[in-house]
Amino acid sequence: LQELVTTFFSASINTMLIYLVLLINDQTGERTINYELLAGLLSVLFIIPYIGRLIITSAASAHFREHQWAFRTLIVGNSEAARATGHRLKEGKGKARIGVNIVGYLSIPGEVGVDDEERVYSLEEVEEVCRREEVDQLVIAGTTYNEKKVLNLLYQLFHLELPIKIAPDTFSYVTSAIRLQDIYGEPLVDLTTPALSESSKNVKRMMDVVVSFLVLVLFSPIYAVLALLVKSDSKGPVIYSQERIGLKQKPFNIYKFRTMKVDAEKGGPRLSEENDPRITRVGKIFRKYRLDELPQFWNVLKGDMSIVGPRPERRFFIEQIMREAPYYALMYQVRPGITSWGMVKYGYASNVRQMVERTRYDLIYMSNMSLFVDMKILIYTIKTVVTGRGM
């Protein structure tokens, strides 16, 4: 059904585009002919692609139904409830159209495990097991898991870069923002797919690349001037590089114009604060107008970041945030951004408590991700920059 609707929607848009470009100036004198042309064009653009897609989809569905194809699944949990979930998935109750092969169960510390002939692995060896068994997806099973435990599990599993699903037993931070995608078989909620369609993801990435390229090229004289200001104000490098954690917990180096003295963190990681003596004179101006963030467009072009997305943090502070707000684990679903709703609403954070507060705004953004929301955040960001409300 989704394929049918998507194909019809695409055909309708392309029909109107072709008509407007090629036929709008072709005055036939009879409006009926235009209607016939539109109907014929829509039929061709819809029927031919959909027949091909229907053949491919039907063949794939047949392979799944006959268990020639199946998703190799590792169940996260080894309790009685986890075994029941694994059994339902394997047997395909509810006329499930997707085949599932259970490769084993992952024992979770603190749970009452089942001891039988099934293969059981420890959480420490999950990476090796996923690689060796060629696991396609992870399913968190067990109705006794509380929200904090599930989120801590997510934090340990996101780096595997595999789909992670859970039975929708509780609807809170974990499941309230996640859409149920497969309603035909066992109802599992995908925790690793943000609420953004594939086409919107492609458009968002395309806009990131185009805008970042234009900014880096057109603003290059401004970059040069800013670099000279940094160099003339204090000793040290112009560009400051620091490791941050991004999509799927992948570390990357973020780039900024340096706004602090070279030895600003000689005593260890430390957040900036109001009237921070470590900030240089030029750095105060840069931070006020967010000019120090401009080099991050290179991160966006590389694919480390997006223009709009949750702010990336250092692992040192992430571990502290996770203790207070385990739902931070959900941030790894998307690329981090130069700006975010948290930055617009809250701004810079000077302690972990404020970072937690800002994270809540970013979590709400992820629940409502859309290109329209991104545009609104960009407009408010530009307003913040122009009015100098960056500090």
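The dialogue below goes through the sheet, helix packing and selected loop residues of a predicted model.

Q: In what order do the six strands of the open sheet stand?
A: Helices (H or I, at least four residues) and strands (E, at least two) are DSSP runs, numbered from the N terminus. Two strands pair if DSSP finds at least two bridges between them. Here the order is E3-E2-E1-E4-E5-E6, with mixed pairing. Strand E3 (120–122) and strand E6 (189–190) stand at the edges; each has a single partner strand, so one side of each is left without a neighbour in the sheet.

Q: How many bridges join E1 to E2, and how many pair E1 with E4?
A: E1 and E2 run parallel and are joined by six bridges; in E2, Leu 106 stands opposite Val 76. Strand E1 (residues 71–76) also pairs with E4 in the parallel sense, over four bridges. In E4, Leu 138 is the bridge partner of Leu 74, and Gln 137 stands opposite Thr 73.

Q: Which strands does helix H3 lie across, and which does helix H5 lie across?
A: Contact means heavy atoms within 4.5 Å. Axes are lines fitted to C-alpha atoms, for helices over the stretch in contact, and angles run from 0 to 180 degrees between N-to-C directions. Helix H3 (residues 80–91) lies across E1, strand E2 (100–107), E3 and E4, at about 170 degrees to E2. Helix H5 (residues 147–157) lies across E1, E4 and strand E5 (164–166), at about 165 degrees to E4.

Q: How is H5 placed against helix H10?
A: Angles under 35 degrees count as roughly parallel, over 145 as roughly antiparallel, 65 to 115 as roughly perpendicular and the rest as oblique. The axes of H5 and helix H10 (residues 315–324) come within 11 Å and cross at roughly 160 degrees. That makes H5 roughly antiparallel to H10. Residues in the contact include Leu 151 and Tyr 155 of H5, and Ile 318 and Met 322 of H10.

Q: At what angle do the axes of helix H6 and helix H13 cross?
A: The axes of helix H6 (residues 198–218) and helix H13 (residues 371–387) cross at roughly 30 degrees and come within 10 Å. H6 and H13 are therefore roughly parallel to each other. Among the residues making the contact are Val 203 and Met 207 of H6, and Leu 371 and Met 375 of H13.

Q: Is Glu 134 buried or exposed, and is Arg 290 buried or exposed?
A: Buried means under 20% relative accessible area, exposed over 50%, partly exposed in between (1.4 Å probe, protein chains only). Glu 134, in the loop between helix H4 (126–132) and strand E4 (137–140), counts as exposed at 58% relative accessibility. Arg 290, in the loop between helix H8 (281–288) and helix H9 (296–302), counts as buried at 10%. Phi is positive at Glu 134, near 55 degrees, and at Arg 290, near 60 degrees.

Q: Which side chain has a polar contact with that of Thr 259?
A: A polar contact is a pair of N or O atoms within 3.5 Å; within protein, one must be able to donate a hydrogen and the other to accept it, and residues adjacent in sequence count only if both atoms are side-chain atoms. The side chains of Thr 259 and Arg 287 are joined by a polar contact of 3.1 Å. Thr 259 is in the loop between strand E8 (251–257) and H8, and counts as buried at 6% relative accessibility.

Notes. Residues are numbered from 1 along each chain as its sequence is written. This is a predicted model: local features need pLDDT of at least 70, side-chain atom pairs count only at pLDDT 80 or more; totals for chains, interfaces and linings use all residues. Side-chain values use heavy atoms; hydrogens and water are left out.
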